[in-house]
Amino acid sequence: METISRFKIPESVDIVSLLGEYDSNLKIIKKYFGVSVTVMDYELWIKGDEEKVKNVNGLLERMVKIVLKEGSVDTRDLLNSEERSSSKIEKVGIFPKTKGQQAYVEAIDENDIIFSIGPAGTGKTYLAVASAVESLRSGKVQRIVLTRPAVEAGEKLGFLPGDMIEKVDPYLRPLYDALFDMMSPERFNYYREKSIIEIAPLAYMRGRTLNNAFIILDEAQNTTHGQLKMFLTRMGFGSKVVVTGDITQVDLEEKNSSGLIEAEKILSGIKGVAFIYLDEEDVVRNPIVKRIIKAYENFEKS
């Protein structure tokens, strides 16, 4: 619900010190929260979503205290400080729990394209998303692009309600889940609105060049030769690509047509491309998951 609030600036506060030179602090607030702010002498009229307006008022109160104490305030530093204290990714950091996961994170740091292959529960997607968020926050990239193939993009999706985005949304939920574990809903929505974070089905990648981006392709075992080639060639300057998948869970009609399985043969040994293999020892879910994976491996070998 939209609302209007009036924030009274104490007369003892210098307006330029509070709002910044050329209203630089005010511009940051308006862009960050997506609200409109009108200056009326020593009063600010704030208009927007009720929760956002409330947050702006709280921020302004803290800014006033800082100006009275220190003489000036940098809104960017204040917002970054608050985000660090509230963001789950900053609280937990990127902590690999196994040797395989450690090698995975190091490979992400050291290479341009990383393939992470392993069973469910090994942290393939989670660590990739965590690394992407960290790269975004540290300024290494300007945006995050997350994508997955929708292997049932034909007949079965046609029976789901809504437009194409709504139809493929269920396929993208694991990516949402990982992000929600690392940032507040408000921060995520802000990034989505500004296209700083983009989550889309693989088909939407065609014809694009992605510069200064951290790009993740999840469930890559369900891509074809053509799809994976198309995806990898979207990479632009200043970007990093992580491809994750489980080659034991191919959902394509022709199991042997998986682009991920082919990529191992085509791209191994290329400088800047790394393949990381995780196994049941890297599973960080319920311990029984390790035993299930091992049992299936033994069965399939026999």
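Two strands are taken to pair if DSSP finds at least two bridges between them; strands themselves are DSSP runs of E with at least two residues, helices are runs of H or I with at least four residues, and both are numbered from the N terminus. The structure is a predicted model, in which local features need pLDDT of at least 70 and side-chain atom pairs count only at pLDDT 80 or more, while totals for chains, interfaces and linings use all residues. Residues are numbered from 1 along each chain as its sequence is written, and side-chain values use heavy atoms, with hydrogens and water left out.

The predictor's confidence in each residue is given by pLDDT, from 0 to 100. Its mean over the protein chain is 83, and 85% of the residues reach 70 or more. The pLDDT is below 50 over residues 84–92, a stretch that has 16 contacts in the model beyond near neighbours in sequence; a contact means heavy atoms within 4.5 Å.

Three strands form an open sheet in the order 1-3-2, with antiparallel pairing. Strand 1 (2–8) and strand 2 (36–40) are the edge strands, each pairing on one side only. Strand 2 is joined to strand 3 (residues 43–49) by five bridges, and Thr38 has Trp45 as its bridge partner in strand 3. Helix 3 (residues 50–70) lies across strand 1 and strand 3, and runs at about 145° to strand 3. Such angles run from 0 to 180 degrees between N-to-C directions, with axes fitted to C-alpha atoms, for helices over the stretch in contact.

Rings of Phe, Tyr and Trp (its six-membered ring) pair if their centres lie within 6.5 Å; planes under 30 degrees apart count as stacked, over 60 as edge-to-face and the rest as tilted. The whole structure holds eight aromatic pairs. Tyr176 and Phe180 make a tilted pair, because their ring centres are 6.2 Å apart and their planes stand at 35°. These two residues are four apart in helix 9 (residues 164–180), and therefore separated by about one helical turn. Tyr176 is buried at 8% relative accessibility, whereas Phe180 is partly exposed at 33%; buried means under 20% relative accessible area, exposed over 50%, and partly exposed in between (1.4 Å probe, protein chains only). Phe180 also pairs with Phe188, edge-to-face because the planes are at 80°, with the centres 4.9 Å apart. Phe188 is buried, at 3%.
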